[in-house]
Amino acid sequence: MKTKTFFTSILAVILMMSFGYGKAKNSNTTTIQNIKAAITGETTASAKYAAYAKQAKKEGLTKIALLFEAASKSENIHANNHRAVLEQLGEKMDKVTPKYEVRSTKENIEDAIKGESYEVATMYPEFIKAASDEGVNIAMISFNYAFQTEKKHKAMYENALEKLNAGKQNEMSSLYMVCTTCGNTYDSQAPKRCGISMTPRERFLTIK
Ligand SMILES: [Fe+2]
Ligand SMILES: [Fe+2]
């Protein structure tokens with residue numbers, strides 16, 4: 001490399017660094033990847049739970065079907081929130097093609113518990129930590145909405161499995177309410193305001 005070219009290159013690098021090039025683009029790399037993974041996960045969960053609801057209906061387990069329907073709507077809200085965050089960060093991703101298998105309702109609930117457990121114990125805590133480290137506040141909000149909700153889904157599915165094994169699915173709720181802001185899911189009438197996002201009950205979806 002000629003000396004003049006070499007110094008021009010060095011100067012260009014120094015200028016780029018001092019104007020923050022690279023920094024703005026690379027400071028949230030992990031969070032961008034995590035948002036994309038979360039969109040894939042939530043889109044798949046939403047489609048999967050809708051299919052599990054159909055299967056439960058086929059087996060005459062209408063109350064378990066209601067829970068799957070409510071959770072499907074909730075996961076869709078999470079996917080849409082994550083998509084909005086990705087867009088706000090100036091990124092895009094290809095359409096997600098959900099991959100899943102429908103088995104018996106008992107196996108489907110077990111699969112749902114597995115999925116929710118992973119999100120609650122591993123995925124969202126890691127994603128929230130990375131978004132916090134990288135200072136991406138809007139991603140922290142979206143991840144936290146999902147994290148808080150998935151904890152409730154996990155408990156609801158565990159209860160459903162217990163009831164199914166005891167032959168008592170009829171004791172389950174016949175009303176679910178889902179917050180359109182954060183996906184928070186109630187297996188009863190929701191309070192006046194969402195316990196996670198403070199959204200008024202009037203803006204909830206009712207599944208019954
Ligand atoms: Fe969930
Ligand atoms: Fe909410």
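Colleague: How do the axes of α5 and α6 cross, and within what distance do they come?
Modeller: The two axes come within 8 Å and cross at roughly 155° (axes are lines fitted to C-alpha atoms over the stretch in contact, with angles from 0 to 180 degrees between N-to-C directions). That makes α5 and α6 roughly antiparallel, a label for angles over 145 degrees. Keep in mind this is a predicted model, where local features need pLDDT of at least 70, side-chain atom pairs count only at pLDDT 80 or more, and totals for chains, interfaces and linings use all residues. Residues are numbered from 1 along each chain as written, while chains are lettered from A and ligands numbered from 1 in written order.

Colleague: OK, new topic. How many helices and strands are in the chain?
Modeller: The chain has 6 helices and 3 strands, in the order α-α-α-α-α-α-β-β-β. Those are DSSP runs numbered from the N terminus: helices are H or I with at least four residues, strands E with at least two.

Colleague: And which residues touch the most other members of the largest nonpolar core?
Modeller: Leu67, Phe68, Phe143 and Tyr176, out of 47 residues. Such a core is a set of buried Ala, Val, Leu, Ile, Met, Phe, Trp, Tyr and Cys residues joined through C-beta atoms within 7 Å; buried means 20 or more other C-beta atoms within 10 Å, with C-beta atoms placed from the backbone.

Colleague: Which element gives the largest share of this core?
Modeller: α4, with 10 residues.

Key: Buried ≥ 20, exposed ≤ 12 C-beta atoms within 10 Å, placed from the backbone. Parallel < 35°, antiparallel > 145°, perpendicular 65-115°, else oblique.
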